[in-house]
Amino acid sequence: MLSAVLAAAAVTTQAPGGDRRPVAVPDIVEVAEISGVTLSPDGRQVAYRVGQPSIAENVVRLDWYVVPVDGGIPKRIGSGGAAQFGGAGAVREQSPVWDADSKGLRFLALREGAVGLWHWRADSGLAVELV
């Protein structure tokens, strides 16, 4: 596995300015990961979580998004805070729970050292903490 990662690091990548450069460790480690994908009860929307690792900050920041199934621009609905890690060092999987009317959802977020329950409604913008 490690040899495959090191071999991948030997290839080049496109820099923002269009110049080619060798792949660096942050290019591999700081890849965003999508998880917690959950379909709304009415089947019209999908909620998901994006984890963005940061080597400089030594954290994985989480954000929740909702997007219509038939396409459109994803809407950021709230921060999932910092990632919680399981026993094997992997980010713990979490899925949101949709409201029965498909117009809102709840999710857990680790912020300032405490896990809170957050609620988002389509008509209210960003999620608010419940507990």
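**From surface patch to pocket**

Modeller: Happy to! Val-29 lies in helix α2, residues 25-29 (helices, H or I, have at least four residues and strands, E, at least two, as DSSP runs numbered from the N terminus). This is a predicted model, with local features needing pLDDT of at least 70 and side-chain atom pairs pLDDT 80 or more, while totals for chains, interfaces and linings use all residues. Residues are numbered from 1 along each chain as its sequence is written, and side-chain values use heavy atoms, without hydrogens and water.

Val-29 counts as partly exposed because its relative accessibility is 43% (buried is under 20%, exposed over 50%, partly exposed in between, with a 1.4 Å probe and protein chains only). Together with Val-25, Ile-28 and Ile-55, Val-29 forms a nonpolar surface patch of about 320 Å² accessible area (patch residues have over 30% relative accessible area and no salt bridge, with nonpolar side chains joined within 5 Å and like charges within 9 Å; a salt bridge puts a Lys or Arg side-chain nitrogen within 4 Å of an Asp or Glu carboxyl oxygen; areas are Shrake-Rupley, 1.4 Å probe).

Now the strands. Pro-68 is found in β5 and, at 34% relative accessibility, counts as partly exposed.

Strand β5 (59-68), β3 (33-39) and β4 (45-54) each give two or more residues to the lining of the largest pocket, and β4 has the largest share, three residues.
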